[in-house]
Amino acid sequence: MGDHDECLSHAWYWDDHYLPDWESPTHEWYRGFDDLEAFLEKFIFNTPGHRPNDNPLVLHLGSGDSVIPVELDTRGYNRQLCVDFSSRVVETMSDRHKSRPGIEWRKMDVRNMDGIADRSVDIAFDKGTMDAMVHGSPWSPPDDVRENTGKYLREIHRVLKDDGIFLHVSFRQPHFMRLLLDRDGLFKLDVEVLSSKDSFDYYGWVIRKAKPHEEEADDA
């Protein structure tokens, strides 16, 4: 991996990245809504507490110009917060979807989400955001990778309700991602293979907070 990969964790890179074709964006990273619908249906749409009638707060982490929030809005999820550290993304998406009051776009670094209250989020969703923080050796990640992903995961743990769920879609092999995700005893991890006949596999991580007694056991 080269310098390009290290740039992905900086806002200026994404501001520049979105500039050339912003009027006609095509930045639906990895899988679109149709590809993820079964995964979302299993862990959100059909899950008590996370159904539209339950009025859950959905947090999109590094939302970019993905249409996932709009697709969820059409299905009745009208309490959504999309955070991204690119000013260009936030300004344009806020204007583009101003007719959808149930979705808010806010400029924010996912490694420091001071503007979001503790234990306020029911569903957190990440499609490629944590991947953008990762570079270098997958067996021994560089210090900046461990620092950035550590800050990110601690912030998710802070804002997520105790019975909330964090869904993370990644192209990286699970045994490498587990090295980064399974730290500090914060979470319980499960992973599903998101197969497709038209492309290589992606992985859907289903992440929940560890129970207090499990966190204590891990600390011991």
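Predicted model: local features only at pLDDT ≥ 70, side-chain atom pairs only at ≥ 80, totals over all residues.

Visitor: How many helices and strands in the chain?
Guide: The chain has 8 helices and 7 strands.

Visitor: And how much of it counts as buried?
Guide: Of the 220 residues, 50% count as buried.

Visitor: What about contacts between residues at least 6 apart in sequence: what share joins residues at least 24 apart?
Guide: That share is 67%.

Visitor: Let's zoom in. Where does D84 lie?
Guide: D84 is in strand β2, which spans residues 80–84.

Visitor: Is D84 buried or exposed?
Guide: D84 is buried, and it has no salt bridge.

Visitor: Which side chain of opposite charge is nearest to D84?
Guide: That is K107, 9.2 Å away.

Visitor: What else does D84 touch, leaving out residues up to four places away in sequence?
Guide: Its contacts include G62, S63 and G64. V89, V90, R106, K107 and M108 are also among them.

Visitor: Which strand holds C82?
Guide: C82 sits in strand β2.

Visitor: Buried or exposed, that C82?
Guide: Buried. The relative accessible area of C82 is 0%, and the cut-off for buried is under 20%.

Visitor: What surrounds C82, beyond its neighbours within four places in sequence?
Guide: C82 is in contact with H60, S63, P69, I103, E104, W105 and R106.

Visitor: How far is the C-alpha atom of C82 from that of G62?
Guide: The two C-alpha atoms are 7.3 Å apart, while the residues are 20 apart along the chain.

Visitor: Switching to rings. How many aromatic pairs are there?
Guide: The count is 4 aromatic pairs. One of them is F45 with Y77: the ring centres are 5.8 Å apart and the planes are at 35 degrees, so the pair is tilted.

Visitor: Where do F45 and Y77 sit?
Guide: F45 is in helix α3, residues 33–45. Y77 is in the loop between α4 and β2. The two are 32 residues apart, and the pair links distant parts of the chain.

Visitor: Are F45 and Y77 buried or exposed?
Guide: Both F45 and Y77 are buried. Another pair is W139 with F176, which is edge-to-face: 4.6 Å between centres, 80 degrees between planes.

Visitor: Which parts does the W139 and F176 pair tie together?
Guide: W139 lies in the loop between β4 and α6, and F176 in helix α7, so the pair ties together parts 37 residues apart in sequence.

Visitor: Is W139 buried or exposed?
Guide: W139 is exposed, at 63% relative accessible area.

Visitor: Which residues of α7 are buried?
Guide: P174, F176, M177, L180 and L181 are buried in α7. They cover an arc of only 155 degrees around the axis, which puts them on the same side of α7.

Visitor: Now charges. How many salt bridges does the structure hold?
Guide: The structure holds 16 salt bridges. One of them joins E192 and K42, at 2.7 Å, N to O. E192 lies in strand β6 and K42 in helix α3, so the pair ties together parts 150 residues apart in sequence.

Visitor: How accessible are E192 and K42?
Guide: E192 is partly exposed at 25% relative accessible area. K42 is partly exposed too, at 49%.

Visitor: What about K98 and D95?
Guide: The side chains of K98 and D95 meet in a salt bridge at 3.5 Å, N to O. K98 is exposed at 64% relative accessibility, whereas D95 is partly exposed at 47%.

Visitor: And which partner does R158 have?
Guide: R158 forms a salt bridge with D118, the closest N and O atoms being 2.6 Å apart. R158 lies in helix α6 and D118 in the loop between β3 and β4, so the pair ties together parts 40 residues apart in sequence.

Visitor: Last one. Which residues do salt bridges that share partners join into one network?
Guide: E37, E71 and R75.

Technical notes: Residues numbered from 1 in each chain as written. Heavy atoms only, no water. Helix = DSSP H or I, 4+ residues; strand = E, 2+ residues; numbered from the N terminus. Buried < 20%, exposed > 50% of the residue type's maximum accessible area, 1.4 Å probe, protein only. Lys, Arg positive; Asp, Glu negative; His and termini not counted. Salt bridge = Lys/Arg side-chain N within 4 Å of Asp/Glu carboxyl O. Contact = heavy atoms within 4.5 Å. Phe/Tyr/Trp six-rings, centres within 6.5 Å; stacked < 30°, edge-to-face > 60°. Arc of directions from axis to C-beta.
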